[in-house]
Structure formats: C-alpha cells, structure tokens
Amino acid sequence: MIFFREKEACFTNLSFSKDYHCHLLPGVDDGVDDMNVSVQILQRMKDVGITDVVLTPHMNPEIYPSNTEGFIRGRFQKFLSELPSTLSHALQISLAGEYMVVDGFEHRNPEELLQIESGKVLIEMSYYYGSRTMEETIFNLMMAGIQPVIAHPERYLYLADELSVFDRYHDMGATFQLNLLSLSGAYGPASVRILSYIKQKGWYSYRGSDTHTLHHFNTISNMSFPQKLL
Ligand SMILES: [Fe+2]
C-alpha cells in the first residue's frame with residue numbers, strides 16, 4: 001500500500017531573511033527576560049540566514065504601562081550597547097512596537113508610534129475578542145499617512161466565520177503580517193482557514209517569527225511547513 005504524504009518544506013525554503021516581529025528586547029514584556037537568551041536567539045537567527053530583525057515589544061498601556069516609546073528606546077540603546085560585536089555587525093537590528101488596539105489607542109498621535117519600517121505600524125487585537133476601535137484606528141492611521149500592519153490575523157480565531165472583517169480592514173488600507181508558526185497548523189483548523197483566505201487574497205505583506213523564547217524560535221526553525229500554505 002502506498003501512502004501519499006502532503007508535500008512539506010523546511011525553514012530554509014521560506015527565504016526568511018527579515019523578521020518583522022519578535023520579542024527579544026529583554027525584560028519589557030512576556031518575551032525574553034534575559035540578555036544572554038536574546039543573544040542566543042539572535043545567534044541562532046544568524047545561523048539560519050536571517051539578516052534583519054525588528055524588535056517589537058508589546059505596547060499595551062493596560063498590561064505594560066511602563067512601555068512608552070521613550071522608555072523602550074532607552075532599553076533598546078542599552079541592548080545595542082551590550083550586544084556582542086559579532087552579532088551587531090552581522091545583523092541589522094531595529095526597534096518598533098506591537099501596539100494593542102485598546103480603547104483610546106485610536107486617539108494617539110500616529111507620529112509618535114514606533115514603526116516596523118517607514119510609514120508602517122504593527123497593531124494587534126486580543127486573541128479572544130475583537131477591538132472595538134479597530135476601524136477608527138485604521139482610519140486615523142491611514143489619514144496620517146501611516147499604514148497599519150495587522151499582526152497575525154490567523155490567530156484571531158473568532159473571525160474564522162467572519163472573514164469579511166478582513167476584507168473590510170484591507171479595503172480601509174490595512175495590510176497583514178503572518179506568524180510563521182501558524183503555517184504548521186499549530187493553532188487549529190480555524191486558524192488555517194483564516195490563513196488560507198488571506199494568503200489566497202495576497203494580503204500578507206510581512207512575516208514574523210513572533211519569537212518569545214529560544215524554544216519558540218528553535219521550534220520554528222526546525223519545523224516542516226505544508227507546501228500548499230507557502
Ligand atoms: Fe507579538
């Protein structure tokens with residue numbers, strides 16, 4: 001009897017050279033809390049061919065009230081000063097933020113936000129419910145000439161039966177960032193349904209590891225990915 005396995009690809013097939021989303025700035029959120037671990041992960045990233053890393057600490061005044069842009073910038077400067085030169089020379093490391101769209105975020109001055117690249121701000125919603133002010137946030141950012149990049153839409157499982165919400169966000173000007181681990185199907189069929197929908201539409205503009213721990217990144221870099229989702 002012959003068994004047909006779904007075609008799979010490994011990490012290197014992803015051509016993943018720039019990580020737009022990770023939590024490696026130590027001690028500021030639920031990601032890495034030890035500089036040595038950040039160094040280990042960055043070394044591992046370098047070893048698997050990543051050349052650019054954008055640090056995106058959680059920016060959520062309800063959970064991390066200390067994480068203002070000024071505070072995070074200060075921690076980033078300290079981080080860079082402590083980084084081994086072998087890594088700082090080999091990797092392009094920049095600072096942004098992952099902004100939770102909580103009530104009131106829509107009124108923030110877009111100019112103050114940390115951007116993942118020029119004119120792009122990474123925003124997220126809860127994994128359990130949508131943000132009430134998401135559309136107002138997208139509108140206000142777009143009016144300020146900044147494109148919102150919605151982090152890991154495939155993790156918002158409550159939208160799997162309301163895919164038109166993503167059409168709405170896209171029509172308003174938002175784009176999307178894929179979490180690599182989602183490609184493994186680790187978040188279940190609802191996640192794969194969302195992922196397939198957005199991918200088929202061609203709306204994923206950014207990819208990220210969303211790394212929080214060394215184990216997390218090792219899992220991603222050792223993973224097999226279904227070819228049909230790549
Ligand atoms: Fe994240």
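How many bridges join strand E6 (residues 98-100) to strand E7 (residues 120-124)? The two strands run parallel and are joined by 3 bridges, and in E7 the bridge partner of methionine 100 is glutamate 124. Helices (H or I, at least four residues) and strands (E, at least two) are DSSP runs, numbered from the N terminus, and two strands pair if DSSP finds at least two bridges between them.

The structure is a predicted model, in which local features need pLDDT of at least 70 and side-chain atom pairs count only at pLDDT 80 or more, while totals for chains, interfaces and linings use all residues. Residues are numbered from 1 along each chain as its sequence is written, and side-chain values use heavy atoms, with hydrogens and water left out.

A view of the whole chain comes next. The protein chain has 7 helices and 11 strands, and its C-alpha atoms fill a box of roughly 65 × 45 × 25 Å along the principal axes. The radius of gyration, taken over C-alpha atoms, is compared with a globule rule of 2.2 Å times the number of residues to the power 0.38. For 230 residues a compact globule would have a value near 17 Å, and the 18 Å of the protein chain agrees with this. Of these 230 residues, 52% count as buried; buried means under 20% relative accessible area, exposed over 50%, and partly exposed in between (1.4 Å probe, protein chains only). Contacts are heavy atoms within 4.5 Å, and among those between residues at least 6 apart in sequence, 80% join residues at least 24 apart.

The strands E6 and E7 belong to an open sheet of 6 strands with parallel pairing, in the order E4-E6-E7-E8-E9-E10. At its edges are strand E4 (58-59) and strand E10 (204-208), each pairing on one side only. Elsewhere, E3 and E5 also run parallel, joined by 4 bridges, and valine 53 stands opposite isoleucine 93 in E5. In a regular strand the side chains alternate between the two faces of the sheet.

Helix H1 (residues 35-47) has 13 residues and reaches 18 Å from its first C-alpha to its last, close to the 18 Å expected at 1.5 Å a residue; the expected span is 1.5 Å times one less than the number of residues. Met35, Ser38, Val39, Ile41, Leu42 and Met45 of H1 are buried. Seen down the axis of H1, these buried residues fall within an arc of 165 degrees, so they line one face of the helix; the arc is that of the directions from the helix axis to the C-beta atoms. Asn36 and Asp47, on the other side of H1, are exposed. The cover over the buried residues of H1 includes strand E2 (18-22), strand E3 (52-55), helix H2 (69-82) and helix H7 (214-221). Just after H1, glycine 49 takes a positive phi of about 100 degrees.

Another helix, H5, has Val165, Phe166, Asp167, Tyr169 and Met172 buried. These buried residues pack against helix H4 (134-143), E8, strand E9 (175-179) and helix H6 (189-201). Glycine 173 follows H5, with a positive phi near 120 degrees.

Most residues other than glycine have a negative phi, and most peptide bonds are trans. Serine 15, in the loop between strand E1 (8-10) and E2, has a positive phi of about 50 degrees although it is not a glycine. Serine 15 counts as exposed because its relative accessibility is 57%. Histidine 152, another residue other than glycine, has a positive phi near 30 degrees and is placed in the loop between strand E8 (147-151) and helix H5 (164-172). With 0% relative accessibility, histidine 152 counts as buried. Not counting residues up to four places away in sequence, histidine 152 touches His21, Glu98, Glu124, Tyr127, Gln177, Asn179 and Asp210.
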